[in-house]
Every structure is written in C-alpha cells, then in structure tokens.
Amino acid sequence: MDQLNNNVLIETKRLKKYFPTPNGFLHAVDDVNITINKGETLGIVGESGCGKSTLGRVILRLHDATSGDVFYDGLNINEFSENEMRLMRQNMQIIFQDPYASLNPRMTVAEIIEEPLRLHKIYKTKAETRARVEELMELVGLPMRSYNAYPHEFDGGRRQRVVIARALAINPQFIVCDEPVSALDVSVQAQIINLLMNLQKQMDLTYMFISHDLSVVKHISNNIGVMYLGQLIEKSTKQEIFNRPLHPYTIALLSAIPSINVMEKSKKIILKGEITSPINPKPGCRFAARCPFATDECISRSPVFREVLPGHFVACHRCEEILSKTLQYDI
C-alpha cells in the first residue's frame with residue numbers, strides 16, 4: 001500500500017481469481033491492480049463475462065483470491081481470519097444486479113433491512129432497531145406503509161431501494177454496486193442512480209460501480225477502468241477515457257454509445273474475429289484476434305499495463321501510435 005497516499009481506501013495488487021474447469025483454469029480476474037480513493041467512484045466496464053462482477057466479489061472476499069492482495073485502508077484483508085473478516089463486513093457491502101433475486105420473498109421489508117443489524121448485534125433493543133429501519137427507509141425513499149410489505153408487492157425500483165437500505169444498515173464505507181440498474185426500466189434507472197449519488201455525498205461513501213452501460217458509468221464515476229477477458233486494459237479519469245481513449249477495445253466500446261443527434265453520421269465500430277478463450281490463455285494480447293492493429297508482437301507478447309499519460313494507464317503495444325493518430329479505425 002502506498003503509505004504516502006492516505007486518501008486511498010481500496011487497493012488491489014496483482015489480484016487473480018482462477019476457476020477450475022475440465023479443460024484447465026478459467027482466468028476470471030488476472031493480475032488486476034486498481035486504487036479507489038475515499039469518497040470517489042471507480043466505474044468498471046466491459047462485455048459480459050469479462051470478469052467485472054468476479055472482481056467485485058473477490059475484493060469483498062465473497063470469493064477467495066487465487067493470489068494477490070486486497071487492501072482496505074491499508075489493511076490486507078486477504079490475510080484476515082474468518083472472525084476478522086466478519087467484523088470487516090461492516091465496512092464493505094454489495095448491491096446486487098437483480099433486486100428480486102437478492103431479497104428473501106418470505107421476509108418483510110422491515111425484516112430484510114434489520115437482518116444485518118441483528119447479525120452484527122448493532123442495537124440492544126427492538127425499539128432502537130425499529131427506529132434505525134425507519135430511518136433507512138426514509139433515507140432511500142420508501143414510504144412507511146411498506147414497513148410490513150413483501151418484495152413481490154413492489155416494482156423493481158422499490159425493491160432496489162430495499163436492497164440499498166439493507167446495504168447501508170451497518171454504515172459501510174465501501175459499496176460494490178454490481179450492475180444495480182441494469183434490470184430496471186430506463187426511467188427508474190435514473191432515479192436509482194441519483195439516489196446512489198446523493199447517498200454518496202451525504203454519507204461520504206466509496207463505490208465500485210460495475211456496469212456494461214457506458215453512459216451510466218460516465219454519469220456516476222470519477223475514474224473508469226475497462227476490463228477485457230479478466231484483465232484491466234485501460235484506466236483513467238472519465239474525462240480522459242471518453243475524450244482520449246487509447247486502447248482499441250475502449251475505442252470500439254465508446255463507438256457503441258447511441259447518439260441523440262440524428263444528423264450525426266454513425267461511427268459504430270463492429271469488432272470481428274473470434275474471442276480468445278479465457279481458459280489457460282496463451283501469452284499475448286487477449287484482444288489481438290479482434291484488433292485491426294494487431295502485429296506479431298501483439299500475438300506473441302503480453303502488453304504491460306503502464307502509464308502512457310499522467311494518470312492514464314493502458315495495456316497496448318501500439319497505444320502511442322493511436323495517441324499520435326498514426327493508427328485510426330477505418331469507419
């Protein structure tokens with residue numbers, strides 16, 4: 001951990017998570033290094049199956065890492081015992097993608113929100129617990145009449161508000177938001193995003209926001225990391241990522257964002273080629289088979305994740321040529 005930067009809350013070093021399969025090990029998270037400052041949001045984007053959600057779960061130790069370290073405020077939680085980790089859970093929570101699947105249909109809203117309070121024995125009396133549940137319901141915009149309601153009585157937006165209230169119950173500092181709005185209608189998505197941003201300001205929360213929707217990530221994030229087949233391939237501020245993307249995959253992702261300007265000519269980049277298998281991947285860039293700029297070096301030697309511009313990290317052999325406009329997509 002960088003002792004000079006006291007503002008860093010979350011840091012990973014060479015974090016890996018491999019899952020055994022009949023054909024070898026699936027590299028779900030492979031050598032990922034990230035930092036998240038206190039009170040900020042790191043957006044993680046990429047295609048389905050790139051390892052975004054697994055990364056979030058490994059940071060929270062819902063999955064144990066294959067190797068590497070996860071630091072929370074300077075403490076290496078991968079070295080924590082089970083009891084130490086149980087206490088650490090009060091500082092680290094998660095909001096899941098599907099609010100209905102993450103709620104017990106046999107429990108009322110009040111019972112769901114108070115469950116972490118009971119598990120961690122936060123309050124001694126029922127009156128204190130009820131007061132905290134009512135406070136949380138008001139905080140996330142749930143009416144008191146829903147206190148004894150069940151999840152099936154709500155729409156997706158209200159269910160996600162219940163999930164958020166449960167995550168906030170024990171006053172965490174860090175929350176992994178695992179595609180928290182992708183299962184919701186567009187109009188409801190905006191409400192939940194605004195709620196998360198308001199809560200962040202009120203409670204000085206730190207987020208890792210996982211999504212495949214770049215527009216949403218741009219709205220909520222301070223910094224953005226782009227993942228491809230288990231690896232972090234580009235990371236910088238959201239302004240840098242959107243204004244000056246340097247990895248061919250990031251450029252292609254950004255081209256897919258719909259434009260509201262009907263007069264603007266479509267510049268969508270269609271990627272071709274086979275996706276490299278994440279099971280026992282060979283050396284080389286994992287995007288090479290789909291990259292129009294790939295050379296023999298890209299195929300044979302893995303690129304280093306390096307700082308190309310101040311605060312702008314990229315894993316690409318040819319990113320300097322993209323930066324100098326020597327290489328451009330033919331679109």
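Tutor: First a term: contact means heavy atoms within 4.5 Å. The model is predicted, so local features need pLDDT of at least 70, side-chain atom pairs count only at pLDDT 80 or more, and totals for chains, interfaces and linings use all residues. Residues are numbered from 1 along each chain as its sequence is written, and side-chain values use heavy atoms, with hydrogens and water left out.

Student: OK. Which residues is Ala315 in contact with, leaving aside neighbours within four places in sequence?

Tutor: Leu232, Ile233, His247, Pro303, Val304 and Phe305.

Student: Where is Ala315 found?

Tutor: In the loop between strand S12 (312-314) and helix H11 (319-323). Helices (H or I, at least four residues) and strands (E, at least two) are DSSP runs, numbered from the N terminus.

Student: Is Ala315 buried or exposed?

Tutor: Buried, because its relative accessible area is 7%. The cut-offs: buried is under 20% relative accessible area, exposed is over 50%, partly exposed is in between (1.4 Å probe, protein chains only).

Student: Switching to Asn223. Where does Asn223 lie?

Tutor: In strand S9 (residues 223-228). Asn223 counts as buried because its relative accessibility is 18%. Beyond four places in sequence, its contacts include Glu40, Thr41, Leu42 and Gly43. Ser236, Thr237 and Lys238 are among them too.

Student: Sheets next. What is the strand order in the open sheet of four strands?

Tutor: S2-S1-S4-S5, with antiparallel pairing. The edge strands are S2 (24-37) and S5 (75-76), each pairing on one side only. Two strands pair if DSSP finds at least two bridges between them.

Student: How many bridges join S1 to S4?

Tutor: Five, between residues 8-21 of S1 and residues 67-72 of S4, running antiparallel. Glu11 stands opposite Phe71 in S4.

Student: Now the whole chain. How many helices and strands?

Tutor: 11 helices and 12 strands. Buried residues make up 49% of the 331 residues.
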